[in-house]
Amino acid sequence: MKGTFPINKFRELETPFYYYDTQVLRDTLAAVNREVAKYEKFVVHYAVKANANHKVLSIIREGGLGADCVSGGEIRAAIKAGVPSNKIVFAGVGKSDWEINLGLDHNIFCFNVESIPELEVINELAAAKGKIANVAFRINPNVGAHTHKNITTGLAENKFGISLEDMDNVIDVALTMQNVKFVGIHFHIGSQILDMGDFVALCNRVNELQEKLYARQIIVEHINVGGGLGIDYAHPNRQPIPDFAAYFATYAQHLKLRPQQTLHFELGRAITGQCGSLISKVLYVKQGTNKQFAILDAGMTDLIRPALYQAYHKIENITSEEPMEAYDVVGPICESSDVFGKAIDLNKVYRGDLIALRSAGAYGEIMASGYNCREIPKAYTSDELV
Ligand code: LLP
C-alpha cells in the first residue's frame, strides 16, 4: 500500500520539497488530545526541534500544545506561531545569555536547567531584570533506551542533565538563590522508543527520586518526562498515528503522581513524523555491476537521517505501477553515505519519476543543510495544494 498524494500538483513543483499532510497532523493531534483528556494532570508540549515549519507549528498551536524549545530561535518560532509564552519551556545543555534573556523577556513558563553554572547565570540575568525565573532540573536518570546509540540521552555517560548524585546539591544551591524558583524536575531518556518498558524504567526512577525529595519535604509541582515515543517507519500508511493510548497509560499506571503535581510531556517525532514526506525526482537510473541505482535529486542535505543514524525511511515510487525491481536509492551529494536505502523494491523507475521518502515530518526539513551549496528544500502543506 502506498501513500496518497496530489501527483498532478506535485508535477508542477520544483523538487525536492517537503510535503505535509495536514489531515494526518490534525488527526494525530486529535488522538493526543483524546488520550490526554483521560488524565487530569497531564500536559503535552511539542518538541519544536522535530519540525519548526511555521505552518506545521501553527497547526500544533491550534491543537493546544505547548512548546518545548532548545534555542532562542525555537522560542521565536513558537511565539511567531502564536504559542502563548506561559506554555513555553526552554531546555538545552548550552543556553547563551541572549537566549536566556529572550526567555526572561517573554516570561516563559520554565527553564530546564542542566548544571550549576547555568543556574548561576539564569539567576544573575533574572536579577538584572528584576524577575524570578521558574527552573526545573534536568536529571540524568541513568536509564537506557532501546534505540540508536546517537539518540539515547539518559545514560550517565551522556552529556545531558545533572547526575542523580548531584541533585541534592543543585537543589540546595537553587534554594539559596533569590531570582530562581525551583518548580520541577525534568527527564528525557532518548528518542524513537517503542518499547514501553523503557518508559516504565523511567517511571520507576522518577518514583525513587520523588521518595528522596519527599524525605527532604520537597514536593515539586512539575514533573517533565520528556519525549521519545517512536513511530512506525516501516508502515506509515497502516499506522500513521502512534499508540498514544499505550504511552500515556504507561505513565498513568507507573508514575506515582502526587495530587498537587502536573506531569509534562515533550513529544516531537510522535506528533509530526508521519505527516511529512520528502518528495524527490529521479534524475538517472544507472546500471552498476551487480545492481542498479536510482539517483534522486534529493540527498542527505535534505534528509540526513539515513546517513547519520542508518535510519530507515520507506521509499515509494509514487508515479509508477510497473512491476517491482530492486534499486539502491541514492542522492547526488559527494559522500558515500548519501544513500537512502539499499536493495529497495520500487515500481520500475524511469527518469522523471517522483519518489516519496516517507515519515520525514520529524528531524527532516529542520535538519537540512546547505552542504554542496544546495538550497534548503521548500515545503508545502496539503491545504495549499488542493
Ligand atoms: N525533550 C528533550 C529534552 C529532547 O532532547 C528531545 C529530543 C525531545 C524532548 C523530543 O524527542 P522525540 O519525542 O522527538 O523523540 N535527530 C534525531 C532525534 C534527536 C532527538 C533529540 N532530542 C533523529 O532524527 O532521530
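**Local contacts and domain interface in the predicted model**

Apart from residues up to four places away in sequence, Val339 touches Pro306, Val329 and Val330. Val339 is placed in strand E15, and its C-alpha atom is separated by 19 Å from that of Gly276, a residue 63 positions away along the chain. Strand E15, which spans residues 339–347, also contains Ala343. The backbone of Ala343 has a phi near 50 degrees, a positive value in a residue other than glycine. Most residues other than glycine have a negative phi, and most peptide bonds are trans.

A further backbone feature concerns the peptide bond from Thr15 to Pro16, which is cis, with omega near -5 degrees. Pro16 lies in the loop between H1 and E1.

At the level of the whole chain, the protein is divided into domain 1, covering 22–273, and domain 2, covering 274–381. By this division, Gly276 and Val339 both carry numbers within the range of domain 2. The C-alpha centres of the two domains are 32 Å apart. Contact between them involves 25 residues of domain 1 and 22 residues of domain 2. The size of an interface is often given as the accessible area lost when the parts come together. For domain 1 and domain 2, the area buried between them is about 2,100 Å², with 54% of it on carbon and sulfur atoms.

Polar interactions across this boundary were also examined. The rule finds 15 residue pairs in polar contact across the interface of domain 1 and domain 2, both residues of each pair being at pLDDT 80 or more. The count of salt bridges between domain 1 and domain 2, by contrast, is zero. On the side of domain 1 that touches domain 2, helix H2 (22–36) and helix H10 (269–272) each supply at least two residues. Helix H2 gives the most to this side, with three residues. By residue class, the side of domain 1 that touches domain 2 comprises ten nonpolar, eleven polar and four charged residues.

Salt bridges were also counted over the whole model. Side chains of opposite charge can pair when their charged atoms come close. The structure holds 18 salt bridges. One of these joins the side chains of Lys49 and Asp68, with an N to O distance of 3.7 Å. This pair links distant parts of the chain, 19 residues apart: Lys49 is in the loop between strand E2 (42–47) and helix H3 (54–62), whereas Asp68 is in strand E3 (residues 66–69).

A search of the whole structure finds 19 aromatic pairs. Among them is the pair formed by Phe5 and Tyr19, which is edge-to-face, with 5.8 Å from centre to centre and 65 degrees between the planes. Here too the pair links distant parts of the chain, 14 residues apart, with Phe5 in the segment before helix H1 (7–11) and Tyr19 in strand E1 (residues 17–20).

How values were computed. Residues are numbered from 1 along each chain as its sequence is written. This is a predicted model: local features need pLDDT of at least 70, side-chain atom pairs count only at pLDDT 80 or more; totals for chains, interfaces and linings use all residues. Side-chain values use heavy atoms; hydrogens and water are left out. Domain bounds come from an automatic or database domain assignment. Contact means heavy atoms within 4.5 Å. Buried area is the accessible area (1.4 Å probe) that two parts lose on being put together, summed over both. A salt bridge is a side-chain nitrogen of Lys or Arg within 4 Å of a carboxyl oxygen of Asp or Glu. A polar contact is a pair of N or O atoms within 3.5 Å; within protein, one must be able to donate a hydrogen and the other to accept it, and residues adjacent in sequence count only if both atoms are side-chain atoms. Helices (H or I, at least four residues) and strands (E, at least two) are DSSP runs, numbered from the N terminus. Ala, Val, Leu, Ile, Met, Phe, Trp, Tyr, Cys and Pro count as nonpolar, Asp, Glu, Lys and Arg as charged, and the others, Gly among them, as polar. Rings of Phe, Tyr and Trp (its six-membered ring) pair if their centres lie within 6.5 Å; planes under 30 degrees apart count as stacked, over 60 as edge-to-face and the rest as tilted.
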